[in-house]
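Dear colleague,

Please find below the sequence and the structure that I am handing over to you. My findings follow directly after them.

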Amino acid sequence: QVQLVESGGGLVQAGGSLRLSCAVSGRIFGYYVVAWFRQAPGKERRFVAAISWSGGSTSYADSVKGRFSISRDNAENTVYLQMNRLKPEDTAKYYCAAGTGGLSLIQYDYNYWGQGTQVTVSS
């Protein structure tokens, strides 16, 4: 049974920072990619960032480039999303997802999902 558990969300003022964590447990066959998606109320779930198994390749949505940074610690089976210079439009529920395909921006390419963690940025 594969489980992904997100943590680190909360309420922060615009311009502040948060670091989200995604702890992966259970056995995923093969080298897996981990991505972060987010979903604001009434909107579709959107890609935020993804990282390859080795950590050598990353991908970011244009809206977060230069502000967010994804990293992973395979020894700890944890992936991080460092979010800096947060804006009110970053407010959403953030989900991590794992899959054995390549770095994909498409949510349907990921097989395993966490329950999400809420990030609220006040103006």
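I begin with Ser 52, which counts as buried because its relative accessible area is 13%; buried stands for under 20% relative accessible area, exposed for over 50%, and partly exposed for what lies in between (1.4 Å probe, protein chains only). Please note that this is a predicted model, in which local features need pLDDT of at least 70 and side-chain atom pairs count only at pLDDT 80 or more, while totals for chains, interfaces and linings use all residues. Residues are numbered from 1 along each chain as its sequence is written, and side-chain values use heavy atoms, with hydrogens and water left out.

Ser 52 is placed in the loop between strand 5 and strand 6. Strands (E, at least two residues) and helices (H or I, at least four) are DSSP runs, numbered from the N terminus. Leaving aside neighbours within four places in sequence, Ser 52 is in contact with Tyr 32, Val 33, Ser 57, Arg 72 and Leu 103, where contact means heavy atoms within 4.5 Å. The C-alpha atoms of Ser 52 and Val 34 are separated by 6.8 Å, and the two residues are 18 apart along the chain.

Overall fold

The protein has 11 strands and zero helices, so that its elements, read from the N terminus, run β-β-β-β-β-β-β-β-β-β-β. The C-alpha trace spans about 45 × 30 × 25 Å along its principal axes. A compact globule of 123 residues would have a radius of gyration near 14 Å, and the 13 Å of the protein agrees with this; the radius is taken over C-alpha atoms, and the globule rule is 2.2 Å times the number of residues to the power 0.38. Of the 123 residues, 41% are buried. Among contacts between residues at least 6 apart in sequence, 56% join residues at least 24 apart. The protein exposes about 6,600 Å², of which carbon and sulfur atoms supply 45%; accessible areas come from the Shrake-Rupley method with a 1.4 Å probe, and for residues only the protein chains shown count as cover.

Nonpolar core and surface patch

In soluble globular proteins, nonpolar side chains tend to be buried together. Here the largest nonpolar core has 35 residues, and those with the most contacts inside it are Trp 36, Val 48, Phe 68, Leu 81, Met 83 and Tyr 94. Strand 3 (18-25), strand 4 (33-39), strand 5 (46-51), strand 7 (68-73), strand 8 (78-83), strand 9 and strand 11 (117-122) each give two or more residues to this core. A nonpolar core is a set of buried Ala, Val, Leu, Ile, Met, Phe, Trp, Tyr and Cys residues joined through side-chain atoms within 4.5 Å.

Ile 106 is found in the loop between strand 9 (92-99) and strand 10 (112-113), and it is classed as partly exposed because its relative accessible area is 47%.

Salt bridges

The structure holds three salt bridges, each defined as a side-chain nitrogen of Lys or Arg within 4 Å of a carboxyl oxygen of Asp or Glu. Arg 38 and Asp 90 meet through their side chains at 2.9 Å, N to O. Because Arg 38 lies in strand 4 and Asp 90 in the loop between strand 8 and strand 9, this pair ties together parts that are 52 residues apart in sequence. Arg 38 counts as buried at 13% relative accessibility, and Asp 90 counts as buried at 1%.

Asp 90 also forms a salt bridge with Arg 67, with the closest N and O atoms 2.7 Å apart. Arg 67 is in the loop between strand 6 and strand 7, and the pair, 23 residues apart, links distant parts of the chain. Salt bridges that share partners join Arg 38, Arg 67 and Asp 90 into one network. Arg 67 is buried, as is Asp 90.

A further salt bridge pairs Lys 65 with Asp 62, where the closest N and O atoms are 3.2 Å apart. Asp 62 counts as exposed, at 65% relative accessibility.

Two further serines

Ser 59 lies in strand 6 (residues 58-60) and is buried, with a relative accessible area of 19%. Apart from neighbours within four places in sequence, Ser 59 is in contact with Phe 47, Val 48, Ala 49, Ala 50, Leu 103 and Leu 105. Ser 59 and Thr 100 are 41 residues apart in sequence, and their C-alpha atoms are 16 Å apart in space.

Ser 21 lies in strand 3 and is buried as well, with a relative accessible area of 16%. Not counting residues up to four places away in sequence, Ser 21 touches Val 5, Glu 6, Ser 7, Trp 36, Thr 78, Val 79 and Tyr 80.

Yours sincerely
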